[in-house]
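Hello,

Here is the structure we talked about passing on. My notes on what was found follow below the display.

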Amino acid sequence: MLNDSASETGEEPPLSARLHSLKEFRSSGRGFWTHVSDPDWNDWHWQLKNRIVSLDQLECLMPALSPEERAGTVLANSKLALAITPYFFNLIDPADEDCPIRRQVIPRVQETHTAPWEMSDPCGEDSHSPVPASCTGIRIESYSCD
């Protein structure tokens, strides 16, 4: 715990106390999923089954999407990916469009823009692929982790 007298006097707590506070786990809570039991919430199967994968789901939970996010999410599961577990969704700061976690998981339309200097195959993998490029967009719907 931090020294209360230090905060009252305006002094910074000792370095060890500040470092300790950074190491403490702070749960982001359950957000919209308060009704979910502990065993389900902590089960990765449940988390994957309840991912946010569509614009409708995302707008229901976070109505204040930026125009760039909305346009990017329209392309979800065709050109850009969208699959946010409930746990990870709760880490997003909905009031901050530049929240690092939000920027990682909510697609933005700018991600579809290719700059003139970008290469279509920057790692040189296409020539070594055992599958023709026309097959790379196939989605396997019947796959199950169970």
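**Overall fold**

The chain has eight helices and zero strands. Along the sequence this reads α-α-α-α-α-α-α-α. Please keep in mind that this is a predicted model.

Of the 146 residues in the chain, 25% are buried. Among contacts with a separation of 6 or more, 60% are between residues 24 or more positions apart. The accessible surface of the chain comes to about 10,900 Å², and carbon and sulfur atoms account for 55% of that area.

**The core**

The largest nonpolar core holds 17 residues, and the members that touch the most others are W33, I52, L58, I84, F89 and I106. Helix α5, residues 55-61, gives the most to this core, with three residues. Apart from neighbours within four places in sequence, F89 is in contact with F32, W33, I52, L58, L61, M62 and I84.

**A buried arginine**

R30 sits in the loop between α2 (15-23) and α3 (38-41). Its relative accessibility is 19%, and because buried means under 20%, R30 counts as buried. Beyond its neighbours within four places in sequence, R30 is in contact with V36, S37, D38, W41 and N90.

**A nonpolar patch on the surface**

L15, L19 and L22 make a nonpolar surface patch of about 320 Å². L22 belongs to helix α2. With 66% relative accessibility, L22 counts as exposed, whereas R30 counts as buried at 19%.

Regards

Methods. Residues numbered from 1 in each chain as written. Predicted model: local features only at pLDDT ≥ 70, side-chain atom pairs only at ≥ 80, totals over all residues. Heavy atoms only, no water. Helix = DSSP H or I, 4+ residues; strand = E, 2+ residues; numbered from the N terminus. Buried < 20%, exposed > 50% of the residue type's maximum accessible area, 1.4 Å probe, protein only. Contact = heavy atoms within 4.5 Å. Core = buried A, V, L, I, M, F, W, Y, C linked by side-chain atoms within 4.5 Å. Patch = residues over 30% accessible without salt bridge, like charges linked within 9 Å, V, L, I, M, F, W, Y side chains within 5 Å. Areas by Shrake-Rupley, 256 points an atom, 1.4 Å probe, with all protein chains shown as cover. Salt bridge = Lys/Arg side-chain N within 4 Å of Asp/Glu carboxyl O.
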